[in-house]
Amino acid sequence: MRSNRWLPLFVSLAALATGAPRPADAQATRPPLRPDSTLAPGPTGAGFAAWRTMIAERGRTGASFLIDADRYQVLVMTPMAIDALAADSLIAKATKGCQRALSLSDAQVEYTRAIDPWAAFDSAAFARPLIAIAVFPKEQRRFDCHAGDLARFAAMSRGALYGRFDAPVPKDQVAMVEFRRDGLLEFAPLQGRAKVTKVSQTELLDDGTEHVRVWVDPEAFAPDVEGAVPRLELHVYNPVDPEPDILPLPERLIRAVWQQMLPWQARRLDVADDAHTVPALHFPAPRDSVLRVAYAAYERGALGTAASEAMTRLMFRPRPPQADIRHAMLQAATAFSMRDRHAEARSLMTDIMEVYPCLTLAPEAPQELRDMAEDARRPARCSSIPLPVVALRSLVPGLGQATGPVRRKLALGVFAGTAASYGLASVFESRSRRFYRDYRAYQGGDSEGSDAPSLYQQAQSAREIGNAFMIAAATVWIAGGVEAVWNEYQHKRRLAEVRAVGNTPPRAAGVSFAPMVRLDRVGVTLQLP
Amino acid sequence: MTHHARAAAVLGVLALAGGCALQEPYVRDNHWDPRSSATKSLSGPDSVFAMGDTFRVTLQADPPLPPGAFYTWRGNEMYEGPPPPTLVYPAGDGLFRVVSSTATFEVIAVSALFDGVAVSRQVRVGQRVQSYTFSCGVACDALTWQAGTSRSVSVLAADANQVPIRRIEVAMQRGSWLSRDPAVASVAATTANPAGTITISAVAAGTTWIVVRLDRAVDSLRVVVP
């Protein structure tokens, strides 16, 4: 929980009491170039270093996010994203991608490999779960010549920008950054500044331009118990203006960042309470081998391990089967809910209900979880129509699709497509008949251009076009019917899958073999009774 | 659904399905269309042998031509350069007139034109000798033949319309001549010539007939050698 909530409140009140910082203040409070000390894991970070190391060894995961503002750009990175962007080869790849566009030499490309102004800071923050937010001045004109977004973000994470730059102007520089949640200043355990390497035409510029990073607790991104996303803002001060530029973080970004940290949050559930609690909800055993391990932990009541294993697995490809994903997320939501972490549980339930709006939980489910599901439920058709009826309805183009608001556009599309094609077919057929009538009536001697061959050609062409539209109409009509039946069949199947979820009895004990792929090993699991 | 609604739906579907039928290619049977499957032909005489003659050809069409259909008749009146020796002009409504011809039988195409589509018939046109007379400078009967002497006799031929045969040498190539008694008079080997002359030689005393056949005309010249 947010044990240090009082501190940002105090800092914020102090700031209000003394007024907004002046440019001189901003200069005076500029972040350091080197970290003063190494951050301890803290009460919420025990074991985090080992966990993130294990994640990084498993593969690249964790998305970083870029926000473009008027004068600044902001890169938001989770610890997993920082690890994913850490390889020297990525910045070299980005520079190599821009080598031709910016006329760079091989030596310059190779030089960028060594650019890493944040190495000391990243090392200092390694053991603590923190979100890094970097604020850069914008390029005058950005060159999107990098070899992909990953390389571009990796280069940005090291302060390298590619493009054309004007001479630096003080008001466009970043002197200081504040991170505020719902208007209140959040404590940043670590902040620093580093030079910006401007990769421009034929040269790597170091004109004194700097960018700033602040590291903030992921809890700042947590929704409240009602599931509402907090309002997060960056207040960016330049060296001359007293007022900051206020950059709000998009809601989707806030949710995504917080959700990336959920596997780690889940890991802490068992630390908080070591006593195993066998949940009331039971799901089918997954097919995915890693999720089977999480499933086993869940069934024996190790809720934190179960949720963490499951959510960590979902961070990596290949994606497990859809049913496995659904049950893994429900297990995690159940785990969070049973440990009174309702914000996390609600977030997961919201995600689940977004995909499965007709999902209903078994009567054994905790009331809180059921309430969360109901709160997150969006309007959807949660009943099915008999397939013969759908087939019969589909005789009217589009009526088979008109089963709910979600498919209204498709229904209209099928109807309009069929009607338009049929209408065009009729128009062309009518046109062709007119030409043919003229053809039959032609008796020679007319002016040039209206002779019999051209009249016949026009009639036949119009008829062929009409036939093509008729085929199109029939195709849309028939395809619409087939789609409607197939969709209803799938809908019915999906409904059955998500009805009274959680009442699958635990699997009877017995000997079983299953292939196993874990984060750190591969093999065969033998389960004995 | 009620029975009525079902019946309405079925009828609607049947109507739609009926309307959905693909249309076959149109029949191409316009007589003025060069790629039409319609048939046309001309019937009439296959030869005309006198200058000034007229002949009529008749057009047959399947499907029948509509009333007032527009088409034109054509002989060989359209030419470039000097006029050809044989000319056939259309006189309207399938009637043609031989305006000019010679003893040469030429094949002339007469046509009915439907814009760019022509239906034609080939007609052999020329002058066939219908009658002729011998020309001996004086009355042929009054000629005196001396044994061992030769004389040239001309043939004056005309076609059925009494129009003098043009290019008589062509008719001579088709013709023949002989002496009934070569011991009295003989016909010299004669090449066809534009003047239409043959050379007769008196051999010995006696009387004989020189028979000349040109196309369908046959006549004889009496030769008396004292």
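This is a predicted model: local features need pLDDT of at least 70, side-chain atom pairs count only at pLDDT 80 or more; totals for chains, interfaces and linings use all residues.
Trainee: What makes up chain A in terms of helices and strands, and how many of its residues count as buried?

Mentor: Chain A contains 18 helices and 15 strands. Of its 529 residues, 49% count as buried.

Trainee: Why is A:R341 called buried?

Mentor: The relative accessible area of A:R341 is 11%.

Trainee: Where does A:R341 lie, and what is it in contact with beyond its neighbours within four places in sequence?

Mentor: A:R341 is placed in the loop between α13 and α14 of chain A. Leaving aside neighbours within four places in sequence, A:R341 is in contact with A:E219, A:Q265, A:R268, A:L269 and A:F336. Contact here means heavy atoms within 4.5 Å.

Trainee: How do you know what span is expected of helix α17 of chain A?

Mentor: The expected span is 1.5 Å times one less than the number of residues. Helix α17 (residues 408–441) has 34 residues, for which 50 Å is expected. From first C-alpha to last, α17 reaches 48 Å, which is close to that expectation.

Trainee: Which residues of α17(A) are buried, and what does their cover include?

Mentor: The buried residues of α17(A) include A:A411, A:V414, A:E429, A:F435 and A:Y439. Among the elements that cover the buried residues of α17(A) is α18 (452–497) of chain A.

Trainee: What makes a cavity distinct from a pocket?

Mentor: In a cavity a 1.4 Å probe fits but cannot get out, whereas a pocket is an open set of points. The structure holds four cavities of 30 Å³ or more. The largest cavity has a volume of about 50 Å³, and the largest pocket has one of about 1,100 Å³.

Trainee: Which residues line the largest cavity, and of what classes are they?

Mentor: Its lining consists of A:R52, A:P79, A:I82, A:D122, A:A125, A:R128, A:L130 and A:W215. By class, five are nonpolar, none polar and three charged. Arg and Asp count as charged, so A:R52, A:D122 and A:R128 belong to that class.

Trainee: What lines the largest pocket?

Mentor: The largest pocket is lined by 30 residues, with A:Q259, A:L314, A:M315, A:R319 and A:D351 nearest its centre. This lining has 15 nonpolar, six polar and nine charged residues.

Trainee: Which domains of chain A contribute to that lining?

Mentor: Domain 1 (6–256) and domain 2 (262–371) each contribute at least three residues to the lining of the largest pocket.

Notes. Residues are numbered from 1 along each chain as its sequence is written. Chains are lettered from A and ligands numbered from 1 in the order in which they are written. Side-chain values use heavy atoms; hydrogens and water are left out. Helices (H or I, at least four residues) and strands (E, at least two) are DSSP runs, numbered from the N terminus. Buried means under 20% relative accessible area, exposed over 50%, partly exposed in between (1.4 Å probe, protein chains only). On a 1 Å grid over the protein atoms alone, a cavity is a set of points where a 1.4 Å probe fits but cannot get out, and a pocket is an open set with protein on both sides within 12 Å along at least five of seven lines; lining residues have an atom within 4 Å of a point. Grid points are joined across faces, edges and corners, and a volume is the space filled by probe spheres set on the points. Domain bounds come from an automatic or database domain assignment.
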